[in-house]
Each structure stands twice: as structure tokens, then as C-alpha cells.
Amino acid sequence: MDGLISKLRNLDAYPKVNEDFYSRTLSGGLITLVSSVLMILLFVSELRLYLHAVTETKLVVDTSRGEHLRINFDVTFPALPCSILSVDAMDISGEQHLDVKHDIIKRRLDSRGNIIEARADAIGAPKIEKPLQKHGGRLEHNETYCGSCYGAETADDHCCNSCEEVREAYRKKGWGLSNPDEIDQCKREGFLQRIKDEEGEGCNIYGFLEVNKVAGNFHFAPGKSFQQANVHMHDLLAFQKDSFNISHKINRLSFGDYFPGVVNPLDGVQWTQTTSTAMYQYFIKVVPTVYTDIRGHTIQSNQFSATEHYKGAEVGLLQTLPGVFFFYDLSPIKVTFAEEHISFLHFLTNVCAIVGGVFTVSGILDSFIYHGQRAIKKKMELGKFN
């Protein structure tokens, strides 16, 4: 037993020095104090890193198919009334959503930006005061109202009972509504009068669009849109105006759900129109993103970058369609963010590295100062130190 203990004692890699041989110095005490404080600070920093999750980023090829893209928007037009503002969306697959109204709210604004009224997108309800029937007579008692579509009927029993229904029928036919006062429904509802009453007002429009996950565009423009000879057009004649001010501020624009750390570069962007007619375009590159938090909850979302382009009216060319256009394309690369905790072994390794590294460096520094002082003192005693 004594032999085994003796062999273990011989394996001691840390031989002890008798305290009688210690030489304690002021510089050694200062170095010990500074190194101790430094070790504590580094330990606390490492502990905080261990207790908090870190985010690991990876780039992978996006192999998803058949998904949809949600576009959230909140845009303010300080000089464009809500009654003439419409939203369209279309993509390269040929799918079109013209004059979108669902999931969209419009808020009328006065010249100071205060809210006058908030409502779902529409012009208003018809006023039934002996309206003109489809057969030409006026509506009588105990008679069902069926208004004329003024040549845009799709069937014999097709009725247009409001100005909005007439405009929609014209849109589907690819026709423009040049004079709303010639339409009984629009005249009774005061379509042009409503537009005149809203002159000088602005509009805050917000909501979301669900579109195919392919390249496409959505835009805000005055007038009801329609297709004519495979060309996308807006009916501006009905408003009897020569110019439209599309000055705007993007309060919020995002593609998908929010996730921690996301930055939407167009939030708060504002543009003021200085010409009579203008088209403002945003070209957006959407990057699919997956965020997984520390609990394993996954958020499928997107990030994006954007560039801007202004297009004004030019002499000799076709008049520019006034509006704010957002052209988006999707990146084939997907970014994944995953929150992870540092393992305890990694934490322990770093702590040991901190303690050992500081201890070693401080020992080298102390030894350098101690031997330097001794050398200087010896030279001074011999009178060789100038």
C-alpha cells in the first residue's frame, strides 16, 4: 500500500514549493488583482452566452412547391381619395386578381391626415328611389328591381342593381365607363358627386393579399382595371380628371409572418409627386426564410430587398398609367435561422480556456516584471545603471 502511494506521489505533475521560498512582490499583487477581475468578467460574459440562445444561419436551396405568398401592406396616399383607388395583383402564371376588395380596409383621411371614416373597400350602397328598370320603366310597388347593365349583360336575367355592379360588368367586358351620369344607377348614387365631395382627401389602405408563390406584381392605381386585347388597363375616364397625385408613404410592407430580427426595408419609405402624372415602381427580391425558435416552433416567412424607379410622363409617348407598382421575384435560395443553446461541455471548455489563459499570461507578465526589476536593481548596486 505504501509503495502504491509512493508511486502516485511520484506522478504528481504539480510539485509544491515550500512557503519559505515564496517571494511576494507589489507588482505580483497588482497583476493578481487585475487578472482576477479579468477572469471574472470573461466568466460572466461566457455564462451569459451559455444561458441565452444563439442563432445559427444556413443557406439551402428552396425546393418548396405549390405554396402561397401572403403580402401584408399598409400604405397612405395623402392626395388620392379612397373612392377612386383600387388594388390589383397578377403573376407570371397568368392568374389575375383585379380590383381586389376582400381583406382590405380603406380609411378616408382629411388634408391633415386625420381619419374621417374607415370602411371595407366599396363605393357605397344604392339609393332605391324609383330606379330605372331593365325593361325601361321605373320601379313600381310590388315589383322586383332589375337594373340594366347597359349592354354588358352576360345573360338575359343578368341584373346590375348598383353603379358598382355596372362598372364590374363593364370591366368584365373590357369596356371603359366614360360618363357615369348616363348610367341611372351611378346618377342615383351620386357617383361623380361622391368623388367631388372627396376631392382633397387622402386614403390609408391596409390589408393583405394571398398570391401564388411565383414572380408577379401588385399595384395601387386609380380607376377600375380591365383587360383589353390582353393589355392591362384602368378606366380613368369615369373620374373626369386629367391628373392624379400618387404621392405615398409605405407604413408597412412584409411578405409573410413576423419573426424576431426581421427588417423590412420599405417600412416608412415616403415619396412625393412633383409632376402631373407619374408611375412609381418598386422592384423587390423576396428571399424565403424559415425561423425556428428554441422551443422548436417554426415560422415560414420571407425577407426582401428593394430598389425604386420613377417613371414620369414623356412628350410623344403614351401617357404613363398613374400608380404605385410593386414587382416581386423569388430567390431560389432559402435562409434558415435556428435558435440553439451552447452545450455545457462547450461552456466548460471555454471557462477552462479563460482561467488557464489568463493565469498563464499573468504568470509570464509577472515573471518578466520580477526578473526585470531584479536585473535593474543588481546593475544599480554595481553602479552600472545610468
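Of the 386 residues of the chain in this predicted model, 38% count as buried. The secondary structure comprises six helices and 16 strands. Among contacts between residues at least 6 apart in sequence, 72% join residues at least 24 apart.

Several of the strands are joined by pairing. Strand E1, residues 54-61, pairs with strand E16, residues 333-340, in the antiparallel sense, and eight bridges connect the two. Within this pairing, Val54 has Glu340 of E16 as its bridge partner. E16 also pairs with strand E13, residues 278-292, here in the parallel sense and over four bridges. Thr289 is bridged to Val335 of E16. E13 in turn runs antiparallel to strand E14, residues 298-312, to which 15 bridges join it. Tyr291 has Ile299 as its bridge partner in E14. E13 and E14 form a hairpin with five residues between the strands, and in this hairpin Gly296 takes a positive phi near 90 degrees. In a regular strand, side chains alternate between the two faces of the sheet.

Helix packing was examined for helix H2, residues 26-51, and helix H6, residues 344-382. Two packed helices are described by the angle between their axes and the distance between the axes. For H2 and H6 the angle is about 165 degrees and the axes are 10 Å apart. Because angles over 145 degrees count as roughly antiparallel, H2 is roughly antiparallel to H6. The crossing of H2 and H6 is right-handed. On the H2 side, the residues that meet H6 include Ser27, Gly28, Ile31, Leu38, Phe43 and Tyr50. On the H6 side, the residues in contact with H2 include Phe344, Phe347, Val351, Ile354, Leu365 and Gln373.

Helix H3 spans residues 163-173, and its buried residues are Cys163, Glu164, Val166, Arg167, Ala169, Tyr170 and Arg171. The residue following H3 is Gly174, whose phi is positive, near 80 degrees.

The count of disulfides in the model comes to two. A disulfide is a covalent bond between the sulfur atoms of two cysteines. One of the two is formed by Cys82 and Cys203, with sulfur atoms 2.1 Å apart. This pair links distant parts of the chain: Cys82 lies in the loop between strand E2 (68-77) and strand E3 (85-91), whereas Cys203 lies in strand E7 (residues 202-212), and the two are 121 residues apart. The link of Cys82 and Cys203 is right-handed, with 100 degrees about the S-S bond. Cys82 has a relative accessibility of 2% and therefore counts as buried. Cys203 is also buried, because its relative accessible area is 0%.

The other disulfide is formed by Cys149 and Cys160, whose sulfur atoms are 1.9 Å apart. Cys149 and Cys160 are both found in the loop between strand E6 (115-120) and H3, 11 residues apart. The link of Cys149 and Cys160 is right-handed, with 95 degrees about the S-S bond. Cys149 and Cys160 are both buried.

Most residues other than glycine have a negative phi. Asp99 has a positive phi, near 50 degrees, and is located in the loop between strand E4 (96-97) and strand E5 (104-109). Asp103 likewise has a positive phi, of about 60 degrees, although it is not a glycine. The loop between E4 and E5 also holds Asp103. With a relative accessible area of 10%, Asp99 is buried. Asp103, at 44% relative accessibility, counts as partly exposed.

Terms used: Residues numbered from 1 in each chain as written. Predicted model: local features only at pLDDT ≥ 70, side-chain atom pairs only at ≥ 80, totals over all residues. Heavy atoms only, no water. Buried < 20%, exposed > 50% of the residue type's maximum accessible area, 1.4 Å probe, protein only. Pairing = 2+ DSSP bridges. Disulfide = S-S within 2.5 Å. Axes fitted to C-alpha atoms, helices over the stretch in contact; angles between N-to-C directions. Parallel < 35°, antiparallel > 145°, perpendicular 65-115°, else oblique. Left-handed = near helix turned anticlockwise from the far one by under 90°. Contact = heavy atoms within 4.5 Å.
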